[in-house]
Amino acid sequence: MEVSMFLNTLTPKFYVALTGTSSLISGLILIFEWWYFRKYGTSFIEQVSVSHLRPLLGGVDSSSPSNSNTSNGEADSNRQSVSECKVWRNPLNLFRGAEYNRYTWVTGREPLTYYDMNLSAQDHQTFFTCDSDHLRPADAIMQKAWRERNPQARISAAHEALELEDCATAYILLAEEEATTIMEAERLFKQALKAGESCYRRSQQLQHHGTQYEAQHRRDTNVLVYIKRRLAMCSRKLGRTREAVKMMRDLMKEFPLLSMFNIHENLLESLLELQNYADVQAVLAKYDDISLPKSATICYTAALLKARAVSDKFSPEAASRRGLSTAEMNAVEAIHRAVEFNPHVPKYLLEMKSLILPPEHILKRGDSEAIAYAFFHLQHWKRVEGALNLLHCTWEGTFRMIPYPLEKGHLFYPYPICTETADRELLPMFHEVSVYPKKELPFFILFTAGLCSFTAMLALLTHQFPELMGVFAKAFLSTLFAPLNFIMEKVESILPSSLWHQLTRI
């Protein structure tokens, strides 16, 4: 009775003020939730409810404090020890003149960004120059050539250096940028090899005579390794794969400490082309070590070998009925490991996203590394019967295994949050950069957005039709309080009138 009397005394202005105020409050909550999500990647309401309210209500975290502290400590140490956005030289980078420039001639698009080419220029200056270059006229010219931005100016400087003497770095520049075919590039690299070997032998005898000679020998070593590696890649591209494998093995034996060139990744790709899976496994056993930096090539090649053992007979329907065998479980775990390391690769291997020419530099665990891997290894996955089908059936299960939030790690250190920015610098504008993890909008943001929209609509209708909306509001509130009125009437009829009178006074 009192409820209905109270409702009858409310005016349309009250309903307008009520709906307008509730719309404003829900809008402010929505704005704050959205800002907090953009900054920290999680919902504020959800974080407060999980962190503070659940313990008060008796909820227990699934992981013990000791385990969480240990994992957090390991994650922090890994973050400090691993440079999150370190850019690496692509071990399988193409030739500018014979491959990248051909793409530009055909499509009119530039496959390399300025940032990527600038990184290559810095690499060339680091590997192919030293402080004593001014003592040799040809090397002095090449020292300036590597700093030139204009390709024609670099090529002209290389020809000028060759007029003075046989200069290995000048041959390298011409093979990389002027040669329009792989055969022509190979011919120039063979000339560079002769010049590079003579310089290497000369500096090797003088390396202990002072710091200047040590730096010169280091430079000549880098030049020689680079030439031999590119010659092996020429052989691989021209179909002489066995010859390429032999050259790579000899190079790794001769210079075992130069792991920065990642020659083993070239070797893995060539061995996969020969379908020599036993040797691939032997290389993986040596380089897939916990102390060495991982790569998509290492992780996905290991997954491919394990998938090869079961993929030809794998059926998702049969596996769901009988469960996974030990070999199938090992293959699925290897795929999950690879996908957690680089989650961008499967879409390229499954051809859900189109490939482009790989850049000269890659970001490990990023889209650029995924493109570089899939560009050369897609054919190896297609060659293994059922491997892509197994990948298709299992790769998305990785994301259910990684703890929330997705930036946390499961088998590796947490996924770097800066990969998208670095990949946008490395990859051309016409390519849509793959982003992980995609931050889905939390429930509370969607809820507050719906609540804000609903209350704003009510406020607008109440402002336009105050009397009609007042009738609807009274009817809604009367219906809402009807069970309460019914209970009150029953209590009043059961209890003595004197007792009920005393209770209402209290």
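## Basis

The model is predicted, so local features need pLDDT of at least 70, side-chain atom pairs count only at pLDDT 80 or more, and totals for chains, interfaces and linings use all residues. Residues are numbered from 1 along each chain as its sequence is written, and side-chain values use heavy atoms, with hydrogens and water left out.

## Largest cavity

A cavity is a set of points, on a 1 Å grid over the protein atoms alone, where a 1.4 Å probe fits but cannot get out; lining residues have an atom within 4 Å of a point. Grid points are joined across faces, edges and corners, and a volume is the space filled by probe spheres set on the points. The count is six cavities of 30 Å³ or more.

The largest cavity holds about 130 Å³. Its lining consists of Arg136, Asp139, Glu165, Asp166, Cys167, Ala168, Thr169, Gly196, Cys199, Arg219, Asp220 and Val223. Two or more of these residues come from each of α9 (168-177), α10 (182-206) and α11 (211-237). Helices are DSSP runs (H or I, at least four residues), numbered from the N terminus. The largest share, three residues, comes from α11. By class, the lining has four nonpolar, two polar and six charged residues. Ala, Val, Leu, Ile, Met, Phe, Trp, Tyr, Cys and Pro count as nonpolar; Asp, Glu, Lys and Arg count as charged; the others, Gly among them, count as polar.

## Second largest cavity

The second largest cavity holds about 90 Å³. It is lined by 15 residues, and the closest to its centre are Arg89, Arg96, His124, Glu176 and Glu360. At least two lining residues come from each of α6 (114-128), α9 and α11. Here α9 gives the largest share, four residues. The lining divides into six nonpolar, three polar and six charged residues.

Axes are lines fitted to C-alpha atoms, for helices over the stretch in contact, and angles run from 0 to 180 degrees between N-to-C directions. The axes of α9 and α10 come within 8 Å and cross at roughly 170°. The two helices are therefore roughly antiparallel. Angles under 35 degrees count as roughly parallel, over 145 as roughly antiparallel, 65 to 115 as roughly perpendicular and the rest as oblique. Contact means heavy atoms within 4.5 Å. On the α9 side, the contact uses Ala168, Tyr171, Ile172, Leu174, Ala175 and Glu176. On the α10 side, it uses Ala185, Leu188, Phe189, Gln191, Ala192, Ala195 and Gly196. These residues comprise 10 nonpolar, two polar and one charged.

α10 and α11 pack at about 155°, with their axes 8 Å apart. That makes α10 roughly antiparallel to α11. The crossing of α10 and α11 is left-handed, meaning that the near helix is turned anticlockwise from the far one by less than a right angle (clockwise is right-handed). Their contact has 13 nonpolar, seven polar and seven charged residues.

## Packing of α14 and α15

Helix α14 (residues 277-287) and helix α15 (residues 296-308) have axes that come within 11 Å and cross at roughly 135°. That makes α14 oblique to α15. The crossing is left-handed. Tyr277, Val280, Gln281, Leu284 and Tyr287 of α14 contact Ile298, Thr301, Ala302, Leu305 and Arg308 of α15. By class, this contact has seven nonpolar, two polar and one charged residues.

Key
1 Å grid on protein atoms, 1.4 Å probe; cavity = no way out; pocket = protein on both sides within 12 Å on 5 of 7 lines; lining within 4 Å.
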